[in-house]
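Biologist: I would like to learn how to read packing, cores and loops in a model. Can we take them one at a time?

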Amino acid sequence: MASQRARPGRIRTRCITTHPTGKGTHLPRTPLNLNESLHSGKGKPYNPQQVQGCIREILGKYSNGFWVSKLPQIYRELYKQDMPTEAIKDLETWTHICTVEKTCSSNPSELLLYPAKGQTTTSSPPPILNPNSTSAPVPNSNTPTNKPVQSPTQKSPPSTHLTHSGSCSPQTTTSSSSSPSPPSSPATLSPDLKLKLEELLVKYPNGLWAHALPKLFQDTYKFKLPGHVLENLHRLSDICTIDYPMPDNPKRAILYKGSSSGGGGGVEDENCNRRKSSASVEELRVRQELGRRLSNHAVPSLQIPKEEYPSVLVVEATNTNGVIIRYIGKGYSQAQESMEDEMRVFYRVDQSSPTPLSSPSSGQLVAVRAEEEEEEILRAQVCEVMTDQVKVHFVDHGFSEVISKTKVFELHEKFFQLPFQATKCKLAGLKPFCQEPAVLKKFETMASGKILLAEIIERGQTPVVVLYDTSQDDDVNINAACMKALQDKTLASLSQVNSTYMNVTVRSVCSDGTIYCQLPSRGLSKLNEILEKIETCFHSQVTSEFLVSRPFCGKGCLARYKGKWSRVEITNMHGSRVLDILFIDVGVQASVEVFELREIPPPFLRDLMAIPPQAVKCCLADLAVSVGSWTPDVVQWLREKVLNTTDCSMKVAKVDETKRCIYVHLFTDKNFQDPARSLNHQMAQSDLFKQQPDVFLTSHSPAKISTTTLSSKTPSTGDYTNGSPTSTSSPAKPHLRRVLSGPRGGNKTTTRPLETPSPPSSSLQLPPLLEFPPAGSNIDVYVSVACHPGHFVLQPWRDMYKLVVLMGEMILYYNKTEEKPLNIEKNQIYAAKVENSWHRVLVKGVLTNGLVSVYELDYGKHELVSCTKLRPLIKEFRQLPFQAITAQLAGLKPRQWSEEAAIVFRNHVEKKPLVAQLEAVQEATNPWDRKLMVFLVDTSQEERDIWVHDIMAEFAEELTNEL
């Protein structure tokens with residue numbers, strides 16, 4: 001084996017739990033020079049405290065950050081006044097309010113705005129704790145931490161540990177006896193702080209673990225719980241009862257709403273039995289003894305799975321805010337099955353079987369023999385004790401039953417180790433309609449008893465989720481389907497064969513020839529009336545409560561269209577900042593930033609949800625050329641005819657229910673009795689379809705639009721004013737994996753290349769090269785592609801947020817553009833649309849069937865895309881170095897790796913954050929041909945670092961011995 005570099009100490013990597021381009025990363029945009037005045041002349045005096053308060057409120061909504069240039073616009077919309085010019089210049093000095101940061105662009109005036117450091121959770125990793133320190137971090141419900149442990153002694157001396165940058169630093173050893181004492185704290189807590197803590201405890205009548213307070217407090221009130229609160233729990237005794245169920249561990253305290261002293265009043269214990277507040281000595285002794293006994297049988301809390309999309313079994317729902325589910329997979333359903341198999345053996349019916357429990361008590365955990373299947377033994381909790389029967393709740397299955405006392409047994413302590421598997425979740429977006437009969441009936445039909453995919457929108461004691469049924473060809477968003485159950489069908493735009501309509505408005509014409517119309521209806525009249533009221537509401541109220549802070553696929557909200565607020569549905573998410581929306585009443589699709597959206601004001605929510613989408617999908621009937629084969633000239637001709645006409649009429653020729661489309665004869669006047677006057681007839685008789693009949697466009701979707709005011713870098717975030725589409729891109733159905741982090745497949749659409757030449761992309765310079773540290777240094781990396789030890793692709797962690805920003809900018813920029821003829825050349829750089837995202841790519845080959853083979857320069861993947869999906873890569877998107885780095889594993893002899901070995905390697909490294917110890921750099925003329933030789937180290941294990949080349953060397957040796 002090749003000699004390997006000495007391994008100093010336990011290698012620490014950043015605390016990474018998800019791909020950095022997924023949800024939860026910084027997603028800011030659009031620049032402004034803080035030293036430039038927005039208006040001529042000297043800035044006017046202003047009240048800094050007032051402006052700082054407003055900015056703090058804005059950053060509370062946009063904790064992922066945004067571009068400074070967007071601040072005046074957001075400020076004006078929220079507070080109905082211009083932001084003082086001088087305040088823009090002062091932002092950099094307000095470090096207690098915000099953090100100003102420069103981006104990767106070559107333009108030094110591009111600045112990002114974030115909440116002040118330490119005030120919000122970002123994708124940046126937390127500092128690494130000293131392995132010997134007695135202090136432990138409070139678990140974060142969003143990202144579990146990697147706990148550092150001592151390095152293996154054979155790998156390093158204990159006096160140093162290796163940081164992610166590769167430098168050795170002294171390692172301070174701290175024992176519990178020398179642990180620094182907490183800072184001095186106020187003698188009493190402020191009334192406001194106590195009030196907030198009381199509000200939290202009211203939400204948890206069954207008690208709240210004290211160590212959960214900091215995260216819950218910050219999530220609820222948007223500022224940190226003072227550190228001295230947990231160090232001085234006794235100061236809360238006037239607002240809550242403090243219980244220590246594990247006497248050996250005083251830090252494990254449970255807080256109950258109520259009072260522990262005073263006035264002869266009583267409090268209720270966890271079993272809701274009234275008792276006097278002055279307990280006898282004997283009662284205290286019994287309770288202490290019970291606490292010791294129960295401490296050995298404490299059931300751990302159920303942890304939400306780390307993955308973003310866990311599988312769940314839906315048990316039942318009587319309320320969408322409390323859907324009972326069970327997580328499926330290792331550590332959850334599989335662990336439960338193993339435990340129940342063991343219980344079946346332990347409580348088997350024979351002479352050694354345990355005897356039934358003589359006197360079960362309310363709240364007691366027990367083992368119960370199932371009524372129907374005598375072999376089944378399940379864990380349960382006693383709810384109610386009757387004469388001969390007991391009502392129990394099966395804690396792993398989520399339902400209750402009344403059973404005979406003879407089937408109840410004492411639960412052995414070894415069955416206390418697995419958390420209760422039945423848990424609850426909330427359905428995102430359905431809180432106002434959580435008990436609506438139509439919603440619950442729809443949910444029962446679509447979800448109950450099924451295994452679904454759950455997208456976790458918000459982690460907490462009761463997670464907020466979007467459920468998807470992935471068993472069909474198209475993924476079904478259960479939340480969105482339940483919302484549609486609220487629609488009043490009598491308000492829909494009904495269409496029947498041979499029916500005629502006047503006063504038809506054509507809202508959009510797609511690139512494939514599909515048109516979206518609004519027909520006169522009661523629903524349309526009611527919609528316009530409500531939207532007018534919402535306009536008035538937004539103009540009159542100064543509040544941030546309508547900002548959309550938690551977007552998700554299928555969510556209904558509002559965005560501006562032609563200067564007015566219009567209903568939209570979020571169709572796709574690109575991280576947490578950029579998203580695709582569909583204007584459901586006009587059939588227009590757009591890519592926007594999250595701050596452009598508004599929540600529907602509660603007074604209008606129910607009425608708006610009752611109105612079905614008013615955009616009717618239409619195709620022109622009796623045309624020889626079908627939809628999808630229209631040339632740009634034909635599309636433009638039709639747009640000019642109908643988009644500026646307010647008095648169209650149409651006659652329905654056919655209704656296609658499967659495609660949800662009607663075929664019509666369209667007229668630009670009211671003379672629909674004469675077929676010769678229809679646009680269908682005019683197009684059929686013209687030469688429009690005789691020009692470029694072989695051009696095949698691929699969009700079969702609502703129009704894609706963007707803003708009319710565009711900079712050379714990105715579209716502005718102004719109103720949507722153009723009803724015509726500006727892209728042939730088809731809006732795909734919502735993907736369950738985030739587009740920036742999920743797997744991407746090639747586009748299989750077949751097209752022929754367009755002939756008109758354009759300047760080759762080589763006329764623009766390439767980005768600068770990635771810089772690497774000296775040999776022997778450590779780099780935090782993410783392995784995006786792994787073929788085998790001789791070939792895999794790394795992405796440097798440090799610039800991941802910059803890649804997220806770049807891809808968001810590319811989506812906003814390229815989704816506004818029409819397809820234009822492009823002369824595609826091999827070995828040139830372009831922007832290409834792969835699924836729903838735009839990527840920087842290298843063209844590897846141009847095929848005769850209209851497909852292009854491309855290499856994603858930031859992800860290291862090879863794809864096949866249609867030639868119509870390529871655009872020139874403009875200068876602004878050539879500033880960040882290409883992020884994909886080809887590499888091979890050091891410490892191994894070159895060999896031909898078998899498929900089995902490749903699978904083992906892939907399972908250990910692909911889609912994982914690791915530490916790469918740099919061995920050598922192989923330079924090349926082109927940046928995509930450079931190659932690294934590295935050791936890969938997995939530092940996620942508590943006990944030890946895992947050096948991947950050791951695993952592969954052992955595997956190769958085993959194969960050699962077998963041969």
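**Reading the packing**

Modeller: Start with one residue. I55 touches L71, M83, L91, W94 and I97, leaving out residues up to four places away in sequence. Contact means heavy atoms within 4.5 Å. This is a predicted model, where local features need pLDDT of at least 70, side-chain atom pairs count only at pLDDT 80 or more, and totals for chains, interfaces and linings use all residues. Residues are numbered from 1 along each chain as its sequence is written, and side-chain values use heavy atoms, with hydrogens and water left out.

Biologist: Which residues touch the most other members of the largest nonpolar core?

Modeller: The general idea: in soluble globular proteins, nonpolar side chains tend to be buried together. A nonpolar core here is a set of buried Ala, Val, Leu, Ile, Met, Phe, Trp, Tyr and Cys residues joined through side-chain atoms within 4.5 Å. Buried means under 20% relative accessible area, exposed over 50%, partly exposed in between (1.4 Å probe, protein chains only). The largest core has 49 residues, and I55, I58, L71, I581, F583 and L597 touch the most other members. A second, separate core has 43 residues, including M446 and I611.

Biologist: At what angle do α1 and α2 pack?

Modeller: Two packed helices are described by the angle between their axes and the distance between the axes. Axes are lines fitted to C-alpha atoms, for helices over the stretch in contact, and angles run from 0 to 180 degrees between N-to-C directions. Helices (H or I, at least four residues) and strands (E, at least two) are DSSP runs, numbered from the N terminus. Helix α1 (residues 48–61) meets helix α2 (residues 71–79) at about 100 degrees, with axes 11 Å apart. The two are therefore roughly perpendicular (65 to 115 degrees).

Biologist: Which residues in α1 and α2 meet?

Modeller: From α1, V51, C54, I55, E57 and I58; from α2, L71, I74, Y75, L78 and Y79.

Biologist: Where does N498 lie?

Modeller: In the loop between α10 (478–484) and β22 (500–509). N498 has a positive phi of about 75 degrees, although it is not a glycine. N498 is exposed, at 55% relative accessible area.

Biologist: And where does E835 lie?

Modeller: In the loop between β34 (829–834) and β35 (837–846). E835 is not a glycine either, yet its phi is positive, about 55 degrees. E835 is partly exposed, with a relative accessible area of 32%.

Definitions and conventions. Parallel < 35°, antiparallel > 145°, perpendicular 65-115°, else oblique.
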